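This report sets out the contacts and the local features of one model. The sequence and structure are shown first, and the description follows.

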2 protein chains.
Amino acid sequence: MRKIFLFMDTVVNKVDAKGRVSLPSDYRAIVKELSTEIVCYRSLSSPCIEGCLEETLDKLATDIENATDFFSETQDNLTNLIFGDAKRFVFDSTGRIVLTEKLLKHAQITDSAVFVGKGRKFQIWNPQNWEKEEARIRREALKNRPTLKAKEDA
Amino acid sequence: MRKIFLFMDTVVNKVDAKGRVSLPSDYRAIVKELSTEIVCYRSLSSPCIEGCLEETLDKLATDIENATDFFSETQDNLTNLIFGDAKRFVFDSTGRIVLTEKLLKHAQITDSAVFVGKGRKFQIWNPQNWEKEEARIRREALKNRPTLKAKEDA
DNA sequence: TTGAATCCCATAAAATACCATGTTATACCA
DNA sequence: TGGTATAACATGGTATTTTATGGGATTCAA
């Protein structure tokens, strides 16, 4: 098992009528070290799909268990929201997964999708939407230089 | 044996006159690694059925022992409520379990049920009720972005 | 013997694995 | 450095397998 797992780069792939997309080969290379499946869910904040390794979600499950009470409403709501939406996607020998209607609709994806690396996670966007979003993020970054010093959004 | 056990996704299945429901195949795949049975009980907080692996309840038993006094009323009540209500459900060769009247009634389930993944657990809802509940949770999440920072509700 | 619970079989639909091909990227050699 | 051979990849199509679910048979107990 490798020590470094980073989803990187931005690649565009076609989505066919059945919802099939090739996972970028770089991504597959990462995933294959552990399994042949990824987990995808609707982003809570953007019109896009998010993907990650199952172990990433497993870690999240453990964090939730440790941070909240077993019987709490917070734990209930969080786990319903996250795991109720997430789904395993196994890719076949040609490296494709089949995205669901729900996910495609949320991300407004029809015949083409762009994979955007995010380190431990990645996102899948409608190409036009991503173009706009990337421009927006870059503008923001120019105005307000990013910082890791304080967690303003905590 | 796999390292990661997460119940995910939301799937709707029919419930027939005998109370039979197919356990979603993804769930079965998880369960099969350990056994051929799950444990179900009435949710303490919602009109739905909760299910998990027996080992999850075993962990809960340990947590209760550690968090409360052996002679406390709290421990008494909790253990009565949960373990008094829980019951094992073995699924047959076609992957179905037969839910009891008590459970179905509590969840107001008649001819159709929706399975909602919760990570280590899952829930079974009446579809209409779940639709409303999911909408409620999403509204909440948008208002108060979830955080794992502090245990506000502990 | 009758009612209830459990198990097994059949089928249609849906999900998934496999095969084939054109294209692009990569490696190799002059 | 340029040209060619090789390999990898994305993608369209097809075949096979799973899965959900209805119905019937069998078992067990009262």
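## Basis of the report

How far is a base oxygen of DNA strand D from an N or O atom in the side chain of Arg96(A)? The separation between the base oxygen of DNA strand D and the N or O atom of the Arg96(A) side chain is 2.7 Å.

This is a predicted model, in which local features need pLDDT of at least 70 and side-chain atom pairs count only at pLDDT 80 or more, while totals for chains, interfaces and linings use all residues. Residues are numbered from 1 along each chain as its sequence is written, chains are lettered from A and ligands numbered from 1 in the order in which they are written, and side-chain values use heavy atoms, with hydrogens and water left out.

## DNA strand D

There are 24 residues around DNA strand D, and those that come nearest are Arg20(A), Arg28(A), Lys18(B), Arg20(B) and Arg28(B). A residue is near a molecule or strand if one of its heavy atoms lies within 4 Å of it. The surface near DNA strand D is made up of four nonpolar, eight polar and 12 charged residues. In this division, Ala, Val, Leu, Ile, Met, Phe, Trp, Tyr, Cys and Pro count as nonpolar, Asp, Glu, Lys and Arg as charged, and the others, Gly among them, as polar. Sugar or phosphate accounts for 47% of the atoms of DNA strand D within 4 Å of the protein, and bases for the rest.

Chain B also reaches DNA strand D: an N or O atom in the side chain of Arg96(B) is 2.8 Å from a base oxygen, and a backbone N or O atom of Lys14(B) is 3.1 Å from a phosphate oxygen. Two or more residues of the surface near DNA strand D come from each of strand S1 (10-14), strand S2 (20-22) and H1 in chain A, and from each of strand S1 (10-14), strand S2 (20-22) and helix H1 (25-32) in chain B. Helices (H or I, at least four residues) and strands (E, at least two) are DSSP runs, numbered from the N terminus.

## DNA strand C

The residues that surround DNA strand C are Arg20(A), Thr94(A) and Arg96(A), with Lys18(B), Arg20(B), Thr94(B) and Arg96(B). An N or O atom in the side chain of Arg20(B) lies 3.2 Å from a base nitrogen of DNA strand C.

## Contact between the chains

Chain A gives 37 residues to the contact and chain B gives 35 residues; contact means heavy atoms within 4.5 Å. About 3,200 Å² is buried between chain A and chain B, with 53% of it on carbon and sulfur atoms. Phe70(A), Asn80(A) and Arg88(A) provide 19% of the area that chain A buries against chain B, more than any other three residues. Buried area is the accessible area (1.4 Å probe) that two parts lose on being put together, summed over both.

## Helix H1 of chain A

Helix H1 (residues 25-32) of chain A has Tyr27(A), Arg28(A), Ile30(A) and Val31(A) as buried residues. They lie on the same side of H1(A) because they cover an arc of only 160° around the axis, the arc being that of the directions from the helix axis to the C-beta atoms. The face turned away from the buried side of H1(A) carries the exposed residues Asp26(A) and Lys32(A). Buried means under 20% relative accessible area, exposed over 50%, and partly exposed in between (1.4 Å probe, protein chains only).

Strand S3 (37-42), strand S7 (112-118) and strand S8 (121-125) of chain A are the elements against which the buried residues of H1(A) pack.

## Individual residues

Glu50(B) belongs to strand S4 (residues 49-52) of chain B and counts as buried because its relative accessibility is 4%. Its side chain is joined to that of Lys121(B) by a polar contact of 3.3 Å. A polar contact is a pair of N or O atoms within 3.5 Å; within protein, one must be able to donate a hydrogen and the other to accept it, and residues adjacent in sequence count only if both atoms are side-chain atoms. Not counting residues up to four places away in sequence, Glu50(B) touches residues including Asp76(A), Tyr41(B) and Phe122(B).

Asn13(A) lies in strand S1 of chain A, and a polar atom of the Asn13(A) side chain is 2.7 Å from the backbone oxygen of Ser22(A). Asp9(B), in the segment before S1 of chain B, has a positive phi of about 75° although it is not a glycine.
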